[in-house]
Amino acid sequence: MHFISPVLWQFLVNWLTHFALFPPEASEIAPYTDSLYFFLVLISLVGMTVVVLLVVLFSVMYRKERNPEPTQIEGSTLLEATWTIIPLALFMVTFVWGALLYFRIYNPPTNAMNIYIVGKQWMWKAEHPGGQHEINALHIPVNRAVQLTMISQDVFHSFSIPAFRVKREVIPGRYSTVWFKATQIGTYHLFCTQYCGTLHSQMIGQIVVMTPDDYEKWTNGSTSGASLAQNGERLFASLGCSSCHSGNADSHGPSLAQAYGGKVQLANGSFATVDDAFLRDSILNPTMHQIAGYSPIMPTYQGQVSEEGLIDLVEYIKNLNSNYRVQQTLTTSTVQSTTPAAPAAGQGMVKQ
Amino acid sequence: MDSHVIATQPVHDAHEAHAHAPYLRHHFETVEQQREASSFGMWLFLLTEIMFFGGLFTAYLIYRNWYYPAFVVGSHQLSIVLGTINTAVLICSSFTMAMGVYSAEMKRRKALVGWLLATIILGGVFLGIKADEYHEKWEKHHVPGLNFSVQDFTHPTDAEPALPLDMAQKTQVYFSLYFAMTGMHALHMVIGISILLVLVVKAWGGAYTAGHMTTIENFGLYWHFVDIVWIFLFPLLYLISRHQ
Amino acid sequence: MSTATIVKLPPQETASLPKRSYLNSEYGLKSWLLTGDHKRIAILYLISITFFFFIGGAMAGLIRLELLTPQSDLMATDTYNKVFTMHGIIMVFLFLVPSVPATIGNFVIPIMVGAKDLAFPKVNLLSWYLYIVAGIFTISALVLGGVDTGWTFTTPLSTHYLNTHVITAGLGIFIAGFSSIFTGLNFIVTIHRMRAPGMTWFRLPLFCWSNYAASILMVLGTPVLAITLVLVILERAIGIGVFDPAKGGDPLLFQHLFWFYSHPAVYIMILPGMGVISEVISTFSRKRVFGYTAVAFSSVAIAVFGFFVWAHHMFIMGVSNYSALVFSLLTMLVAVPSAIKIFNWAATLYKGSITFETPMLYAFGFMGLFTIGGLTGVFLGSLGMDIHLTETYFIVAHFHFVMVGGMLMAFLSGIHFWWPKMTGRMYPEALSKLAALTTFIGFNLTFFPQFIVGYLGMPRRYAAYPPEFQVLNVLSTAGATVLGIGYLLPMLYLTWSLKYGKIAGSNPWQATGLEWQIQSPPLTENFIETPLVDHEAYDYEWLAHQTEHEVQTVG
């Protein structure tokens, strides 16, 4: 056959080998999304068939040659009510189904492991809690719920994994989250789907789903030596956070040990949950998150800490179970501040 | 109506057919219809304008909620005296405009021209005071983007409480909105004054004192609308939270 | 006023071009550029939007050519970004929004309601000039080096991260906005205040209803876009901080304000098209539109609901769960009136006496493609489904089915329907049927594969894509070629028909609207005397009765 046209032949081969109607179903949620999709395709097909049938049937039956005299009909409330109510009912089913799916996709389970994603023009940076850094790739274990806490350094991006049927906008200035549980080992596409400038189409990467063993190996093999929390600890000390958040009864700032996940009362009387977003905002806009009982003396760290630095700090505070080490660093940093070793402690700071 | 238009005739003949009302445009049946159509159109246009400013007011409401202390301190930087004078000036200009409409109705040509000129002068005074306020903001480094400094808010020289740096930076949002809102309002004033200048010339020629005064009436609506926008801007930007 | 209300002209067979019409009442360029005549302004609009359509179309051609191969080899990614941005801006703001209202609507609405002109002819002309100025701004943004924000102007990308001609393009859209505000305002006032005696609201042709609904959206929605663009321009030019996260502003507020206009804008684009379809389907099945009132009110319902669904563009951007629920629910509700319309049109055919002239073929095309476009809109309105589909080629295919498959089909249907009225000439029927068929086939070939490639996950606005998507993209590009021919054909034969087309006569389709009861092309003031309307819209018995009783002739 290929003597006809090599190009056409290649095209055909391409077609036959690559033709797919669906991306791989590689996450726990994917079959749920697909079943809603099938349902929608089905009602579309039915709706389409009804419309086409009506139009074709009437066109044939009542074409001028067969029916030279039209019969004027005003309308029919009953019929109109029928084709108002039936689509409405179908759309309501779609609405409820879609809403349930939405909450499923966007509400992570509590036991999900957390990975941080920083988007910038034009790359994805992934920060694993163990200190593994990746660019334009994300290694995850299979059959484990993974939550991504994402933020953009510059413009809007969007983190999309078609094989997992998940996507979420990555926004400058606030954390957004998405979660998934991969079910198939393999390598999948990662796309930025929100137009973000010149190299938007090259802001792509790979999601590598591995067996737990392989993941373990990968984690051990690609660690940078210090976990995010350890980096955060250094940053915490070098920014001088420990002088106020020492956990002592007379300290100027609230104790941060075991603060994560709890509720605090703010100075304006409202309550807030201490989550990643709250911690990040408190570092950058302390005044807006003033905790009741403390005076507003905390300076803003806007422009002084990079998004990665903030992630380190958040991860550190998250894992802070006691103030023992805070006080330790307090003493060491006072001692160290006179010695030339101090810059080493500030290593994690200001990566911009 | 016996004098129906012979449509095959060129347009200027059609005007002659309506010799009894020279200002009746050829496509209207009656003067009444023309009048209703114009004022209806004007009201619709004002609705458009409300939506235009609506976007700004929405932004104001949201940010005021978020950055309340910054908005309070920001509003303290505005001169309540100048704002009040300007409000008075604008209300007066609305009065002179209303008198203008009344004069047109009474077919008093010179009075109409006089009232319109008074409106122009008052509008000019408003813009002058506004320009002075802008100038002051410039000197105090309160223009976001161009020359902004948080100095006044983090280390105030007067009795104001100092804002922490992060909140002080949010005063930029307040001033951004201040300039966007008053700037758009001032732009409407400038457009209004330009139209007024044309109207004065035409009024001097007697265009609006021969029974056809829809233009003056509609312009009056526009002028009052611009006035009302200020009546909302003044308390929102200058007055609210003054006591704090 | 006499009771012989409406002037009959000789039937088509014996028709000759009338001696006097709006086309030859005055001569010279000046008589066109300073005209107050709504019909001449409509022609000016028709010429200018055709010009911009072909520029936007050329951009679309470049996009499809680039996507023929997975690599960005035809042009650099930068160029590609500029091309799709220009395609979007030109097609949305300079073609789709003014397409049916400013050309067909401008031409026929005053005649349909029995008026001599729109309420404000000078404002109408001003609106055309604003359109031209907007066009000049947009074209100069293109010539000076382009703009690559995407037509959505997302902040902070548009305000801080690009060094292209964002301000120029923004001003262009700002001005185009005022052009459409003035058109809408004119329509609303005309329909309210200029109706002929006896022309009650429920005797108005449905085309007037749908344009009325669209006009409400234009008048109330466009100013919000205007102020949003002003803020973007100010932020870019002098650095104020309303949307800038670095200064405390919120880029999501921009999204809200932008979509507050840009979602209703979709209905601004599609509603007038729906009006065309109502006219065409009724005329060629010689039957009153089934359930007139339901169709009329569904237009208004679309306009009203259309204002409260904007945040469905932001489901994945972190709107709160509850607002996502509300907006998804309202999105489902806004789909219902469209469904009503489709079924009512289908039912109109029942017991009609159907013929298949070109406008009818386009209308059938509209019904099929718009149904697909509308139903895929339900996919996207459904919260969970939207997560996977949004920002992919699925959404590209969806809105092209609505905007191109729906609106452009309706526009071409309308142009073919009213062409005899506008010019007094017929176009070659066989050729135009071929064009309609070509467009339909080309369209499906272009955009249907995009649903599949979208579900596979191919993101929109990508200059380069993974090779496994190539087959579908090749199909799409092939379809675009066919589609291009489908659009070129009408321009050629319609231009040809201006001189060589058969004389149309006053009412070649035996339609009932007032515009068909006057000569083609009409007189400058439309009617010799103000019509007195004593019948419902789409009253074919009245029309038959009229034809039997020979009334006065003019010409």
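Colleague: How many residues are in helix α2 of chain B, and what should they span?

Modeller: This is a predicted model, and in it α2 of chain B covers residues 31-66, which is 36 residues. At 1.5 Å a residue they should span 52 Å, and the end C-alpha atoms are 53 Å apart, which agrees.

Colleague: Where is the kink in α2(B) centred?

Modeller: On B:G54, and the kink is about 25°.

Colleague: What about α10 in chain C, how far apart are its end C-alpha atoms?

Modeller: They are 44 Å apart.

Colleague: Is α10(C) mostly covered or mostly open?

Modeller: Mostly covered, with 21 of the 29 residues buried. Just after the helix, C:K351 takes a positive phi of about 60°.

Colleague: Which element gives the most to the side of chain C that touches chain A?

Modeller: Let me start with the whole contact, which takes 76 residues from chain C and 79 residues from chain A. On the chain C side, α10(C) gives the most, with 15 residues. By class, that side of chain C has 46 nonpolar, 21 polar and nine charged residues.

Colleague: And chain B, how many of its residues are in contact with chain A?

Modeller: Four residues of chain B, and they are in contact with eight residues of chain A. Sorted by class, the chain B side has three nonpolar residues, no polar ones and one charged residue.

Colleague: Back to chain C. Is C:F95 buried or exposed?

Modeller: Buried. The cut-off for that is 20 or more other C-beta atoms within 10 Å, and C:F95 counts as buried because it has 25. The residue is found in helix α3 of chain C, residues 77-113.

Colleague: Which residues does C:F95 touch?

Modeller: Leaving out residues up to four places away in sequence, C:F95 touches C:I49, C:F52, C:F53, C:G56 and C:I90. Take C:F53 as one of them: in sequence C:F95 and C:F53 are 42 residues apart, but in space the C-alpha to C-alpha distance is 5.9 Å.

Colleague: Switching to chain A. What does strand β1 pair with?

Modeller: With β5 (residues 145-152), in the parallel sense, over seven bridges. Another five bridges join β1(A) to β2 (residues 123-127), and those two run antiparallel. For landmarks, A:V118 stands opposite A:I151 in β5(A), while A:G119 stands opposite A:W124 in β2(A).

Colleague: How many residues does the hairpin between β1(A) and β2(A) go through?

Modeller: Two. As for burial, β1(A) itself, residues 113-120, is mostly covered, with six of its eight residues buried.

Colleague: There's an open sheet in chain A as well. What's the strand order?

Modeller: The order is β4-β10-β9-β6-β7, five strands with mixed pairing. β4 (137-141) and β7 (166-170) stand at the edges with a single partner strand each, so one side of each has no neighbour in the sheet. From one strand to the next the twist averages 20°.

Colleague: How many bridges join β6(A) to β7(A)?

Modeller: Five, and the two strands run antiparallel, with β6 covering residues 157-161. One bridge to look up is A:S160, whose partner in β7(A) is A:K167.

Colleague: And which strands does helix α4 of chain A lie across?

Modeller: α4 (residues 212-221) lies across β4 and β10 (205-210) of chain A, running at about 130° to β4(A).

Methods: Residues numbered from 1 in each chain as written. Chains lettered and ligands numbered in written order. Predicted model: local features only at pLDDT ≥ 70, side-chain atom pairs only at ≥ 80, totals over all residues. Pairing = 2+ DSSP bridges. Helix = DSSP H or I, 4+ residues; strand = E, 2+ residues; numbered from the N terminus. Axes fitted to C-alpha atoms, helices over the stretch in contact; angles between N-to-C directions. Contact = placed C-beta atoms within 7 Å. Nonpolar A, V, L, I, M, F, W, Y, C, P; charged D, E, K, R; others polar. Expected span 1.5 Å × (residues − 1). Buried ≥ 20, exposed ≤ 12 C-beta atoms within 10 Å, placed from the backbone. Bend = angle between axes of the 7 residues up to and from the residue.
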